[in-house]
Amino acid sequence: MAFWRDIAQTYVAPGTVIRRLLARNPAERVLLIYVMGACLMSFLVRLPRLAHIYQPTAEAPLEAYFAASMVAGLIFAPLFFYAIAAVSQLIARMFGGQGTWKGSRLALFWCLLAAQPVNVYLEIFSNYNDLQNINRISSLMAAVWFLTIWGLAMRATLCTIQKTA
């Protein structure tokens with residue numbers, strides 16, 4: 001239950017949750033589970049929309065379309081997020097940040113995982129054509145919210161390292 005409590009608390013106090021997770025010193029495999037879990041959840045909630053927009057052809061059956069989406073979502077997306085975490089750490093260091101690479105990965109991967117309930121909400125309502133303007137506003141608000149909690153989580157990892165150093 002601590003896992004779900006941490007996700008819920010991330011919506012209110014992301015810095016507190018990240019400091020608590022950082023204090024546990026998670027292994028790299030745990031960080032990989034976080035990013036793979038977020039990518040898997042994102043892939044699964046997109047399946048109905050992918051099936052809806054699929055245009056059947058003889059050379060590309062539906063199974064191949066899903067398989068290509070799965071490879072993109074479960075293999076290439078985590079690599080992309082590792083690169084984003086590295087770039088964010090480099091930017092933090094340019095501005096004097098003292099955080100660790102592991103801390104920046106934890107901040108990004110945990111925030112991706114914690115954002116999945118919002119992703120589910122957005123995917124459920126993205127299929128309603130009558131609500132396209134509301135969907136755009138909701139997507140924009142979700143993006144701003146994600147960047148905010150990720151920024152607060154990054155700041156918490158940088159401050160935690162600075163206090164212990």
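This is a short talk about how one predicted protein model is put together.

Okay, some ground rules. The model is predicted, so to speak of local features we need a pLDDT of at least 70, side-chain atom pairs count only at pLDDT 80 or more, and totals for chains, interfaces and linings use all residues. Residues are numbered from 1 along each chain as its sequence is written, and side-chain values use heavy atoms, with hydrogens and water left out.

Let's start with the overall picture. The protein chain has seven helices and zero strands, where helices (H or I, at least four residues) and strands (E, at least two) are DSSP runs numbered from the N terminus. Read along the sequence, that gives α-α-α-α-α-α-α. The C-alpha atoms fill a box of roughly 60 × 35 × 35 Å along the principal axes. The chain has 165 residues, and 38% of them count as buried. Buried here means under 20% relative accessible area, exposed means over 50%, and partly exposed is in between, with a 1.4 Å probe and protein chains only.

What about contacts, meaning heavy atoms within 4.5 Å? Among those with a separation of 6 or more, 74% join residues 24 or more positions apart.

Now, the inside. A nonpolar core is a set of buried Ala, Val, Leu, Ile, Met, Phe, Trp, Tyr and Cys residues joined through side-chain atoms within 4.5 Å. The largest one has 32 residues, and those with the most contacts inside it are Tyr34, Phe81, Leu108, Phe109, Trp110 and Leu112. Which helices give two or more residues to this core? They are α2 (14–23), α3 (28–53), α4 (62–94), α5 (101–114) and α7 (132–164). The largest share, nine residues, comes from α5. Take Phe81: leaving out residues up to four places away in sequence, Phe81 touches Val35, Cys39, Leu108, Phe109 and Leu112.

Next up, aromatic rings. Rings of Phe, Tyr and Trp (its six-membered ring) pair if their centres lie within 6.5 Å; planes under 30 degrees apart are stacked, over 60 edge-to-face, and the rest tilted. The structure holds seven aromatic pairs. Why does the pair of Phe146 and Trp150 count as stacked? Their ring centres are 6.1 Å apart and their planes sit at 25°, so the pair is stacked. The two are four residues apart in helix α7, so about one helical turn separates them. Phe146 counts as buried because its relative accessibility is 17%, and Trp150 is buried too, at 15%. Elsewhere, ring pairs link Phe3, Trp4, Tyr34 and Trp110 into a cluster.

Gln89 lies in helix α4. Is Gln89 buried or exposed? With a relative accessible area of 1%, Gln89 is buried. Its contacts, not counting residues up to four places away in sequence, are Gly99, Thr100, Trp101, Ser104 and Met154.

Val12 sits in the loop between α1 (2–10) and α2, and at 70% relative accessibility Val12 counts as exposed. Val12 and Ile149 are 137 residues apart in sequence, with their C-alpha atoms 9.1 Å apart in space.

Then there's Met141, in helix α7. With a relative accessible area of 55%, Met141 is exposed. Met141 and Tyr128 are 13 residues apart along the chain, and 18 Å separates their C-alpha atoms.

Methods:
Contact means heavy atoms within 4.5 Å.
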